[in-house]
Each structure stands twice: as C-alpha cells, then as structure tokens.
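Here are some notes for a colleague who wishes to go through this model point by point. Please read them with the coordinates open.

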Amino acid sequence: MLPLATRYSGNSGGLTSEEKAIPTRSKAKVNVRRRAIVITLLATVSMFVWAATSLSSNQPCISLESAECDGPGGDNSGGSIDSAQVFMGMVSTDHLRENLKYYTSGTHVAGTNDTQGAYTRDYFLRQGIDAKIVEYYPWMNYPLDQRVLLFNATTHEVLFEAGLTEDPVPGDPASYDPNNLPAFHGYSANGNITGQVVYANYGTFTDFKVLANAGINVKGKVVLMRYGSMLRGLQVHAAHTHGAIGALLYSDPADDGYAKGKVYPKGPWRPESSFQRGTVSLLQIYPGDPLTPGYPAKRDAPRIDPKDAKNINRIPSLPLSYRDAIPLLQALQGHGRNASEIDGDWVGGLITKGIEYWTGPSILNVNLLNRVEYRTVPIQNVIGRIKGWEDPDHAVIIGNHRDAWCAGASDPSSGSAALLELARTFGELRKLGWRPRRSIILASWDAGENGLIGSTEWVEENVDWLRANAVGYVNVNAAVGGDVFGAHASPVFKNLLYKVAKQIPCPGTNETMYDAWLRNSSNSTDYGDLASTRRPPIAPLALGSDYTAFMAHAGISSIDLGFSGSVGAYHSNYDSLVRMASFIDPEMKLHQTITRFWGLLALRLADDPVLGLNAASYAKDLNGYIRLLRRHISSFETPSSGQRVSDQSSNQEILSAKKLRHLHAAQKQLLASAHVLERDKRHLRLVYGEDCQMKGHRRHESCLRLRESINDRSSQLERHFIDPEGIPGREWYKHSLVGPDRWTGYGSQVFPALAEAAEDKDWKRFQKYEKRVAELIYEAAWFLRDV
C-alpha cells in the first residue's frame, strides 16, 4: 500500500513537519514508495491538466436528485426527488401517535410478549422492507413472591409491611393493567433474609467508605439506598462487597419526586407509591445473556453454570417507593449518625416531611423476601433491511429496544414509535423511486431492559460481518422523556451531528435544533475538556443502551440521541400514554423532531457519496481524553504536607505517569494522518467530484477506488481502537479509548485500562497499557494514510 504522504510533495499541498514525522515501517517499503513517487507525481500532474481543460464542459454530477446521477443500470438513489426534504415533510405526528398508542397498549416485558415482535415485523413488510424475526434464548428471571417487613425481633410484632405495588390512577388505563409487575429487579438473587437496616445514601463505594470512617458496620445488615449516581446493579454489588446480606433501593423525592415539581397525575414527577424497576445485572462486567458471555445465546449454545456468571449479584434486592421507605427511615432515627453531620448530600427530600436521615443500624429488623423464577426463554429481535443500490454490502444500522417493564411510553416506546415511522417514510420514499446508496438496517431489539440482551446477542453473532461492513450505528432509546435534546457519540460523528441539527426546526420556536441544543447546553460542565463554548458538547459513549455492544465490543462508531428532562415515571406504571399526552409531548412535536433527526442522520450515512465522518474530530478529542486522564491520575497524589517516604515514592511514580509521553506522541500522529485523509477528500472533490460521474472508464474507476478508500478509512477508524485482549478484569469491553466506569457504570471513563491501573496504583500495569494503547493509535494513524 502506498502512503498518501507520497502523493503530496513539493510546494503544492506539502505535508507539515508533524505529518512527516510518522515513523517509517521498513527500508524495503520505503524504497518501493520512492520508486512510486515519480509515477504518482506524473499521474497527478496529468489529472490536474485534464481537470483544467475538461471540468468546465463535463461538470461531475453532484446532486442525488438529478436524473443524470442514476446508478449503474439505470438504478438510482433518489430519482427526481430531494429525498431529505421529502422525508422531512413526510414525518407525521398522527402516525407517531398511533404507533405510540399501539406500543403502550399494555405491559410488554421481555420474553412474555411475542405479539409486538410479529406486529413490528409485519409493519416493516407492509412498507416493502425485507424483515425477519431473529430469536435468542437468554436466561432471565421473573417475580414470584416479594415481601418487606419491619418487625420487633424480640416480640415478633410486625410494625409495617411494604405495599410493593403502585396505586392505580383514575383515567390512566396503564396503571390498571393486570399484567403490571410488582416491585422487582431483573437478575436479582433469590433470598429470604433478616437483619437490621443501615442507610447508605446512594450506595457508592465512597458512601460505604464514609460509613466505615464513621464506625458504621454494614456486615450482616440490610442496606437502604436511594436510586441515582450509578448503575443499580453496582449499588447492590457495593453493598454486598461491604458485607450486606440484602439491598433495598428507593426513589427519593429529592431526585425525581415532589421536590422537582408536581407529581403524577397533577404533574410529570414521581408520586409517593411509585418505584423504579430495573435490572441489577453488573453490566459494567458484560451485558447480554449471563450464561453465554462473548457468544450468541442460540437455542443450542453451550452455557456456563450460573454460579460462574460474573455479571450477576448474589444478594436479594428490591425497589421501594418513598412511601414504603419512610417507615424504614423512621426506624433509623436516633441510631448511628445523623446524615446531616456526615454530608449534606446524604439528606434527601423527605426532610420536608419531617423525616430525618440517620445511618443506623436500626434496633428493629427487616425481613426481605425475594423469590424469583429463572428460566431460558426466547426473545425476538426484528431485523429489517433496505438494500443499497450502489454499495449494498455496507450498511448503516438504526435501532431501538422494544420491551419495557411496563407500558413504557417514554422508555422505550417513544423510540419504537419513531422507528416504525422511519420504516413508513422510507417505504414511501421507495415508492417515489428512492433507494439508499448503502443498505439501511432497522433493528427492533428485545430484552434491552434486562441487560441489553437482544442487541448484544445480535452483535456477538454478527461481529465479523459488522467489523467488515458497518458504517455506523444510530441508537434511540427513550426518544422523548422531556424537552432537552442531547447526544452521545463517537467523535467521528461530531460534525455530521451539528450539520444535521442545523437542518431540523426546533418545535415551537424559530430556532433550529442546533440553536436550542447549544442554548440548553451553554452551562454544561460535563467533559469540560471536550466541550466548546461555540458548539454543543457531545459526550463519549459509555454504557446504558443498545449502542454498547456496537461501540465497546465491536468497534462500530455509534450515536445515541434523545430528549430528556422529566424522568419522574422512569420504569414505573406511570410512564404511560396519558402522562406523555398530558405533560411531555401533547402534540407529538418532539416525537416528530427526533424522528426527523434520526432519519436524516440515517439518510446522510446511507446516501452521501463521501461519508460525513471526521477523523480529525476524533484526534482532537483524544487530546481532551489525555487531559482527563491526567486529571484522574492527579487525584491519587498525596499532599506534600505530612508525606511518608512511601508517599513520596508513590508521588514520583504518579508524576512520571502523568507525562503520558506515548499517548501524546500517538495523538499527534493520529491528527496528522487525519489531516492527510481530509486532503484526500479535497483531492477527490477537486479532481473527480464526489459522485464519480464522468466520462472515461479509467477515470471513473480511479475515482471509485479513491472514494471507496476514503469511506473505508473513515468508517473503519473505530475498529483500530479495539484491543482484542479487552480491559483487564472486564475483557468483554474491548475499546481502548473509552468504556464504562467500573465504579458507576453509566459514567464514561477515558482510557479505562490506564485509569483502572492508576486507581489500583499499579504503575507497571499502567506503563504497559499506555504503550499498548499508544500502539493501537499509531496503527490507526497508519491506516488513515493507506489508500
């Protein structure tokens, strides 16, 4: 392969010193390249001469809408229409409302409802989209019997029994559904345990350290924690790690209840009987079926013993409403330490009701019963495909999970409604003569709530094909949960996201979505090293939805979109069509907007002759990642005052690690190579035109080869950051630049292998992985230069 550097020499378009600095591979290859320079320069001069004499009379066809842009054999990607503009006008609030009404017509827990899978497949088929159901067979649990009692261990008098159900709301049929689940955690352990109660705030590892420093022992206790701050599975795990025998997680009104505003049915926030269902799988270890880690859970797949599954908690747990949590908090009053003396953040919203927050342990005991049934059940992904006319082997994938703990109007049915509307509008475009240049895959995942199972199993089954052919994955989970737009994405998508946002009108304003996005994020401090005051921040992807397997395991560049803001019904019976219509999106304009955004992204990725992926954005963000890592390392330094000799030695190792010489050098090379790729794009536009529509077979073939090379280098860049060995201790996660934080799960950790080595103060391991990650970045830099 001839490096692109040899194609730019002399005074015209010469490389910078940084671009020239990338190390040579071998003397033999250098000699070959030297001999090729003369040939390349002559060819380049000839092309520029030809361009100067013929471009004016034979202007390359650029518009997809022109009849002259037909693909081979008269097939075309747009006929005489502007597919993007026609699509924007097609997205219907009426159809979106009907779709949402269907998906929220009842509770649809994974493994219990195959009707919606068949409906989704048939809907795709009616739009002329090839579609099928793909089944997997994960091991999942379902509730049988749950109980929480507060009693006097001496007299055996029961003082309180938790209701563990949510009150029905007149006028909201979703709250009356006979199939609604009681309080329940997916992948929770069976158990019937009794112990004193200890309050542990959010149950972070820091919170448990605070308890230990205060002399509060949780060993043999039932820990009461409020939801938030981290994955609920990690909360249970943290409790177990510190010796607890059971865990109760309640929704505090300070986080999503009356402290935020009016509660349902008078407002969107969580009422007193509401609780948050959800999985307690340890997703930061690996998502998907616990018994088939790293390979698909097909019917006849080999399975590990459940006791060997590393992503399952081993103590029973249940969710509680704050109404059911109040008697437990009252039982703690006067025992242990007052939470306000520990930290103000330990005091929740019930303080306004006269409830004090104390650590305990309580004098009274709690009995926690969690009886669940585990079984292997079929789940159903629905996969639709619109075949591309020019490059059918490459595909953009768009997806949303379909299952819900309840009706799930926001999570996930708003996204499911949008996916059906995309199927309908794409089908209508096909009737007008449009076909995508590349294939589009529409995916409706099952068992997302239980542990991202449907998407994970599909990726594990198709990982080789995906790494060879996937252009990117665009995920929408809870499409509409409020009115604040946000996006997480691989940095290669940044420029494309901004461009698309500028084409989407913001409902109810004269602004574009870009304007509203920028305005709403102007005070954001998340990922400050990556954010810009001139552009909305786009945070790295971590863990939390169905992009996880694509990005973190397979190395497929991914995006996650959605409106958020009103989470007061999250995973409860009140996440209903009535609540959505009353408080969140009465006119379905937000649904229409996110569908347009999602669809226009898909159209750009499927139709643009040259993919709008920007490697330079990645390289620039990588510099921000390095600054974040340095800050993370600095947090482990010991203050100079009162240092011991061992502290001084440790600080020297930290100072050495903070230099990050290998990463800095690799980042510079990646940026230089990204600039070379951008120059190739400019060369393509100037000499050929992006559509490669010109007379002359030889020139046409040369243009196609260059364009294919540019697109492959852009879309394959993410794959080069995949480390086959994975993150130590969490080998399923293979992305070397970003991954889920091992202590919070939801949070994104840059350079996870290095960050965790620093946390463990294992500086030899740190040095090893700094070199290893730098090598991957160097390989990516070389790849960007290869034609």
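1. Over the face of which residue does Lys353 lie, and at what distance from the ring centre? The model is a predicted one, and in it Lys353 is placed over the face of Tyr258, at 4.8 Å from the ring centre. A charged end is also found over the ring of Tyr733, where Arg730 sits 5.9 Å from the centre.

2. The structure holds 27 aromatic pairs. One of them joins Trp458 and Phe550, whose rings are 6.2 Å apart from centre to centre with 40 degrees between the planes, a geometry that counts as tilted. Because Trp458 belongs to helix 13 (residues 453-469) and Phe550 to helix 16 (residues 548-554), this pair ties together parts that are 92 residues apart in sequence. Trp458 is buried, with a relative accessible area of 7%, and Phe550 is buried as well, with a value of 0%.

3. The pair of Tyr498 and Trp517 is likewise tilted, since the ring centres are 5.7 Å apart and the planes stand at 45 degrees. Tyr498 lies in helix 14 (residues 494-501) and Trp517 in helix 15 (residues 513-520), so that here the parts tied together are 19 residues apart in sequence. Both residues, Tyr498 and Trp517, are buried, and they belong to one aromatic cluster that also includes Phe485, Tyr514, Phe563 and Phe597.

4. On the cysteines, the count comes to one disulfide, formed by Cys692 and Cys703 with their sulfur atoms 1.9 Å apart. The torsion about the S-S bond of Cys692 and Cys703 is about -75 degrees, and the disulfide is therefore left-handed. Cys692 is located in the loop between helix 21 (661-687) and helix 22 (697-716), whereas Cys703 is in helix 22, so the two are 11 residues apart. Cys692 and Cys703 are buried; Cys406 is buried too, with a relative accessible area of 2%, and Cys506 counts as buried at 13% relative accessibility.

5. A last point concerns Thr292, which is found in the loop between strand 8 (278-279) and strand 9 (317-320). With a relative accessible area of 0%, Thr292 is buried, and its side chain makes a polar contact of 2.8 Å with the side chain of Asp289. Leaving aside residues up to four places away in sequence, Thr292 touches Ala297, Ala301, Pro302, Arg303, Glu457 and Glu460.

Technical notes. Residues numbered from 1 in each chain as written. Predicted model: local features only at pLDDT ≥ 70, side-chain atom pairs only at ≥ 80, totals over all residues. Heavy atoms only, no water. Helix = DSSP H or I, 4+ residues; strand = E, 2+ residues; numbered from the N terminus. Buried < 20%, exposed > 50% of the residue type's maximum accessible area, 1.4 Å probe, protein only. Polar contact = N/O pair within 3.5 Å; in protein donor to acceptor, adjacent residues only side chain to side chain. Contact = heavy atoms within 4.5 Å. Phe/Tyr/Trp six-rings, centres within 6.5 Å; stacked < 30°, edge-to-face > 60°. Lys NZ or Arg CZ within 6 Å of the ring centre and 35° of its normal. Disulfide = S-S within 2.5 Å.
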